[in-house]
Amino acid sequence: AGVNEATATVVDPVRAHLAMTMAELLGVLGYENLQARAPGWSPPPILEGMIESHRPDVAGRWRRQKPMICDVVMPGALNDEAAFDRRYSLFSSASARSGYELHIACPNCVLKTGETLGNAIRRKLEKFNTPFKLWEL
């Protein structure tokens with residue numbers, strides 16, 4: 001289960017559900033123009049990179065001004081470190097270059113290593129030196 005970047009479809013139903021949950025939660029918190037990679041939602045735009053492009057799971061704006069992207073990280077995403085790094089390097093660059101507010105959502109779970117998924121994500125994203133909000137659902 002994964003993602004089809006070309007069609008904007010999230011194949012993994014748990015990831016699609018978390019994307020929808022985040023879009024709904026962010027809407028309650030005041031974010032507007034929300035788009036999500038979930039059934040019944042318009043998909044967010046693809047962020048173009050020099051090497052590859054990626055579509056975040058949720059996008060919107062804070063009070064019609066600051067753009068926001070939110071991505072859902074499932075436990076299996078950490079298995080391919082190079083792919084993880086390319087995706088979040090692009091999102092970090094978009095945050096720095098275009099002022100995107102970056103949110104990361106993940107299931108609240110413990111990995112086989114004994115580390116929580118949230119802590120593993122924090123550790124892996126430190127190298128990008130980009131502020132982000134982590135949501136453990």
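Predicted model: local features only at pLDDT ≥ 70, side-chain atom pairs only at ≥ 80, totals over all residues.

Me: OK. How many helices and strands does the protein chain have?
Reply: There are three helices and seven strands. In sequence order they run β-β-α-β-β-β-α-β-α-β.

Me: And how compact is the protein chain?
Reply: As compact as a globular protein of that length, because its radius of gyration is 14 Å, close to the 14 Å that the globule rule gives for 137 residues. The C-alpha trace spans about 40 × 30 × 30 Å along its principal axes.

Me: What share of the residues is buried?
Reply: 43% of the 137 residues count as buried.

Me: What about contacts between residues 24 or more positions apart?
Reply: They make up 58% of the contacts with a separation of 6 or more.

Me: Now helix α3. Which of its residues are buried?
Reply: Helix α3 covers residues 117-125, and its buried residues are L117, G118, A120, I121, K124 and L125.

Me: Where do they sit around the helix?
Reply: They fall within an arc of 160° seen down the axis of α3, so they line one face of the helix.

Me: What do the buried residues of α3 pack against?
Reply: Three elements: α2 (81-98), β6 (101-106) and β7 (133-136).

Terms used. Residues numbered from 1 in each chain as written. Heavy atoms only, no water. Helix = DSSP H or I, 4+ residues; strand = E, 2+ residues; numbered from the N terminus. Rg over C-alpha atoms; globule rule 2.2 N^0.38 Å. Buried < 20%, exposed > 50% of the residue type's maximum accessible area, 1.4 Å probe, protein only. Contact = heavy atoms within 4.5 Å. Arc of directions from axis to C-beta.
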